[in-house]
Amino acid sequence: MIFLLMNAALATPPPGLMPALESELERATTELKLQDEAPPYWVSYDVVDGEFATFFAEMGAVLSSDVVPYRIMRVETRAGDASYDSGNFDAFGESNGVLSVRLPLDNDETAFRRSIWLATDASYKQAVEQLSRKRAELPPSDPAVSELPAMLPAEPVVDLSGGPLPLDPEGVKSTVVYLSKVLSEYPELEQGQAAGRDWQGQRITVSSEGTRLVTDTGYTVIRVEAVLKHSDGSRLRNGRWWVARTAAELPPMEEMEAEVREMAEWLVALEDAPVLKEYLGPVLFEEIASVELYRQLAAGEFVGTPPEAQGRGMFGEAPISRPTARVGRRLMPAGWTVVDDPNAQEAGRYSRDQEGVPGERVVLIEDGVVRRSLNSRIPSKGAEKSTGHGRSMGAERREALPSNVQVSAKRARAERALRRKGLRMAAQTQNEGLLVIRRIEPPAMSEDMDITFMGEGPGAGLTRPYEAYLLMPDGSEQPVRGLQFSGVDRRALRDVVLAGETAAPVGVMDGPPGPERFYIGAVGGLPGSWAVPAVLVSELELDGGGGGDQRVLARPE
Amino acid sequence: MLPQLLFLLLPSLAAQQAPQAPGPNARPVGAAEPAPMLQVARDAVDHTMADLEDQDEPPYHLAIGVTQSHSLSLSASNGAIMSRNEDWNRYADLDLRVGEFALDNTHKLLDAGWFSEEGRSVVRLPVGDGADDMDAAELTLWRELDDSYQQAVRRMTKVRANQAVKVERDDPSDDFSPAPKVVDIRPVQDVALSEAWEDSLREVSSVFLEYPDVLKSGVEVTAEAETFLLANSEGTQIQHTRVRYRASVYAVSVADDGAQLAVYDYLDASTEEGLPDAETLTELAHVAAQRVTDLKKAPLLEPYTGPAILRGRAAGVFFHEIFGHRIEGHRQKDEDEGQTFTDMVGEQVLPDFISVVDDPTIRSMAGLDLNGTYPYDDEGVVAQKVSLVDHGELQGFLMSRAPIEGIDSSNGHGRRQPGNAIVARQGNLIVQAHESVPYEELREMLIKQVVAQDKPFGLIVDDITGGFTLTGRVTPNSFNVRPVSVWRVYADGRPDELVRGGDFIGTPLTTFSRILAAGDDPEVFNGVCGAESGWVPVSAVSPSLLLEEIEVQRKEKENDRPPLLPAPPAPEGKSKSVADATQEPA
């Protein structure tokens with residue numbers, strides 16, 4: 001076998017790469033031109049250079065173990081000018097001037113240039129076509145674009161001092177194997193998997209605006225999921241996950257193991273738990289569940305990036321676009337504050353976003369009202385500049401995405417106060433106990449295709465609870481199973497009647513608000529963190545069910 | 001209902017694999033001992049059959065096939081390494097049947113919609129051989145076997161209802177046939193690539209920099225050891241490894257009309273030592289680069305009918321597509337199929353100087369290792385040489401364990417890619433000419449045909465990218481063979497002229513009747529074939545064939561202009577300068 005792994009031994013930037021990028025940028029901006037068409041007015045190269053280490057294990061056994069070098073260049077070319085260009089237009093799947101290509105792993109300037117040359121050529125031709133499509137459907141005089149610049153401004157930056165953070169593939173692999181092995185100690189479980197990825201690299205940006213930037217990029221994620229087949233045939237799942245900027249920042253193994261055991265024990269205990277067929281009444285979300293409640297329902301309300309502009313409809317009608325963050329709108333009760341801070345030392349931290357803009361701490365919600373939005377360089381009404389939140393996966397456009405979000409309430413109460421109040425409200429609504437949601441499955445792990453396909457649309461809801469119980473008036477906790485939310489949307493956040501004390505941040509892997517969140521896979525997406533207190537919501541509806549094929553074949557001894 | 005569309009392509013091995021890298025526990029290599037995983041599979045078969053024996057609908061057959069692979073690939077382009085991949089995988093396929101041989105849960109549902117079939121998924125197993133791996137594998141197999149059993153019982157209910165509602169089939173043969181127990185444990189083998197390949201590939205890939213018209217190019221070396229384990233309820237236990245190495249080159253250019261021109265060439269071997277050295281690969285790279293350079297300047301081939309020679313590899317693909325797929329057994333009983341040859345056994349279907357066999361037991365021919373060689377098929381039946389056509393007369397069909405009327409047992413051609421249901425597939429399809437002529441004589445015969453038919457030229461196809469055929473009843477039973485390079489041959493002594501942009505099309509029976517002569521130059525086509533049961537490695541061996549008439553249609557093409565800017569300059573000595581870009585390469 002000839003393959004040696006290059007653990008974090010990456011040169012910063014790789015020799016030969018910067019001259020190659022500079023040379024091809026120079027050619028692209030001075031020589032590249034189609035007859036009768038303008039040359040590109042904006043070109044950006046974004047090379048992501050690093051290593052992915054990805055592992056899957058089941059019950060202590062490795063299912064797959066991959067450590068691969070990764071060197072991909074995203075090239076974006078814009079045709080047009082600073083007031084109106086080929087960007088931000090929905091081409092219905094057509095090429096739009098943004099593409100990704102693999103670059104050589106060897107640091108060879110000639111080979112780099114060949115790849116960059118062909119990618120730039122293709123990108124420019126796509127941009128020219130995209131501009132013509134946009135002009136035909138959405139001319140510069142259209143009110144949807146006439147009042148906005150093509151791109152929000154950003155100061156060019158020259159800083160080549162960044163580089164990748166350490167990679168720890170063996171550490172992540174052993175963690176994944178060990179945590180999945182813990183699950184093998186629970187014979188009631190029929191499936192126990194762990195997945196992990198350590199991705200560390202550097203992002204090298206060279207643009208026609210003058211930016212020359214090297215920054216670190218990456219994350220470490222561990223996910224564990226177990227499945228128990230209930231004797232009535234129900235398939236019950238539970239999971240745990242940890243997201244950190246590097247493997248060294250993961251919690252200690254003992255802490256993760258304790259959580260995995262807690263998860264497994266919860267599942268095993270569900271054998272005796274009843275199916276709660278319906279529930280209409282107050283619901284208490286513990287802190288971890290609150291993270292999912294807020295990130296699934298609220299994030300889309302303070303992300304300022306509008307959807308790509310649409311062309312005309314079949315009959316020439318102007319499209320209706322869904323509004324994004326609406327500054328001035330009440331989203332939460334009075335006294336609530338939401339802040340996003342990429343500089344906070346949590347899983348979603350970065351100094352500059354993928355467009356080279358410094359990450360800005362933004363107070364998004366004050367006193368329950370949306371005050372500002374997160375923005376990338378994609379223009380939107382009211383936004384004068386990027387807040388440094390432009391990120392995307394792969395060749396997608398740089399949308400504003402939350403980084404480290406802190407949600408807090410002015411009047412925070414102790415947990416017991418939330419429980420007392422919730423029990424009173426449950427009694428008033430004729431419920432035998434207060435429904436408490438301890439954990440909700442992250443969208444990436446959801447198996448509910450209906451929610452997946454609906455995304456943030458009108459029928460969107462919350463993913464299923466992993467862990468829920470009824471808090472009885474005598475203080476006892478009765479686990480329940482089979483629940484799913486019904487008809488929950490962002491308006492539920494206004495119905496929060498009490499909030500707990502300040503919560504610790506929880507690392508998450510995320511995608512843009514909407515269906516893409518469901519497609520990121522077990523170890524994909526972009527890292528972030530959310531700190532959300534426990535909350536008591538006055539009324540929510542949940543439906544329940546259970547049953548299915550029971551096992552026929554005896555489990556081998 | 002979709003037509004049966006069957007593809008044959010020439011991807012490199014790595015093209016079928018996700019890029020992945022280093023691996024699990026080392027496995028014992030070389031010893032002819034059962035792999036631990038085989039024991040787990042055998043135990044799972046025994047346990048399942050015994051435990052479900054008392055069910056109302058007990059399984060009557062169960063096979064667990066495990067495919068474990070270790071693959072390596074290394075590629076370079078423009079003098080630099082582009083990728084290094086290593087991949088370990090282990091997948092299980094479960095074939096659990098309820099009912100009986102005559103009628104079981106796999107029986108085809110007539111007039112069923114697309115959503116009437118339950119999905120079939122491959123089962124991923126741990127890649128190591130340790131105790132934890134085997135425990136996890138045992139648990140996974142139990143879970144999946146239970147799911148398979150319940151799915152089989154549900155489908156059996158549908159099958160019985162479908163039988164009651166629909167008319168009787170033309171072919172009343174059973175759904176499955178017994179097979180003799182086989183126990184054959186062979187040593188597990190592994191693959192490796194030496195470090196020296198890195199420098200070799202850098203050097204060879206830099207050859208393309210000398211050709212200004214070559215836009216994209218690459219050199220790749222791949223290695224794969226695929227170990228197949230099978231345990232079934234008949235007591236069969238099989239363990240064998242298939243090792244494949246390939247070195248390949250490709251070059252891509254764009255013609256002024258936007259057509260993408262690609263030339264791919266490769267050499268296969270069963271050992272690393274059997275791979276070509278750097279000198280041979282360099283020559284291969286030069287030939288590929290020169291060919292796309294020439295193709296860029298070549299005129300387009302317009303729609304045409306006339307005489308043609310299909311040279312070795314092209315003739316192999318031609319036979320694979322238009323003949324090979326039509327003699328796969330399951331197509332003879334599927335009433336959605338065209339069933340071209342179903343009722344023609346004993347009849348003349350080819351010229352009497354042609355015989356065709358499929359022989360997966362042959363390891364090499366014409367100096368090349370064959371891709372379609374295997375000792376047992378995926379149902380545990382020993383691979384057998386099958387005479388398909390003898391002196392032009394149809395003899396039989398390729399059979400899996402699904403019988404057809406008149407043939408009630410397998411001849412060792414049940415194959416699949418993991419995750420698919422097994423059907424009869426080709427292995428090494430070999431066309432034999434009992435009367436043959438040297439190639440130069442065949443070429444003279446072509447020119448005589450041009451004159452006799454009063455045609456402006458004849459055609460010689462000397463390389464192909466692949467092809468496909470339609471075998472169903474809904475669509476015309478046609479084929480399409482996709483050449484890379486075709487030459488116009490003139491009767492007046494003008495030099496042959498390279499042309500591009502045409503595909504060869506036709507229908508099987510008509511085309512077979514036009515075969516006039518064969519060369520004495522058998523060539524091997526190694527590739528992978530995609531059909532209902534996924535991608536399987538195959539070979540097709542054929543001499544050059546002279547056809548009285550073949551039809552050319554325009555090839556689908558791309559429309560992007562060539563790059564606007566010249567290629568960036570290569571370092572001194574690596575390439576011609578940009579200023580030389582329009583000159584012919586040496």
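## A first look at chains A and B

The side chains of Asp334(B) and Lys108(B) come together in a salt bridge, with N and O 3.0 Å apart (a salt bridge is a side-chain nitrogen of Lys or Arg within 4 Å of a carboxyl oxygen of Asp or Glu). This is a predicted model, in which local features need pLDDT of at least 70 and side-chain atom pairs count only at pLDDT 80 or more, while totals for chains, interfaces and linings use all residues. Residues are numbered from 1 along each chain as its sequence is written, chains are lettered from A in the order in which they are written, and side-chain values use heavy atoms, leaving out hydrogens and water.

**Two domains in chain B**

- Chain B is split into domain 1 (5-297) and domain 2 (304-554), with bounds from an automatic or database domain assignment.
- Their C-alpha centres are 24 Å apart.
- Domain 1 of chain B brings 57 residues to the contact and domain 2 of chain B brings 63 (contact means heavy atoms within 4.5 Å).
- About 4700 Å² is buried between these two domains, 51% of it from carbon and sulfur atoms (buried area is the accessible area, with a 1.4 Å probe, that two parts lose on being put together, summed over both).
- Seven salt bridges are found across this domain interface.

**Where chain A meets chain B**

- Here the contact takes 51 residues from chain A and 65 from chain B.
- The area buried between the two chains is about 5100 Å², with carbon and sulfur atoms giving 59%.
- Seven salt bridges are found across the chain interface.
- Asp549(A) pairs with Arg154(B) in a salt bridge whose closest N and O atoms are 2.8 Å apart.
- On the side of chain A that touches chain B there are 25 nonpolar, six polar and 20 charged residues (Ala, Val, Leu, Ile, Met, Phe, Trp, Tyr, Cys and Pro count as nonpolar, Asp, Glu, Lys and Arg as charged, and the others, Gly among them, as polar).

**A residue to look up: Thr293(B)**

- Thr293(B) sits in helix H4 (residues 278-297) of chain B (helices are DSSP runs of H or I, at least four residues, numbered from the N terminus).
- Thr293(B) counts as buried because its relative accessibility is 2% (buried means under 20% relative accessible area, with a 1.4 Å probe and protein chains only).

Conventions
Helix = DSSP H or I, 4+ residues; strand = E, 2+ residues; numbered from the N terminus. Buried < 20%, exposed > 50% of the residue type's maximum accessible area, 1.4 Å probe, protein only.
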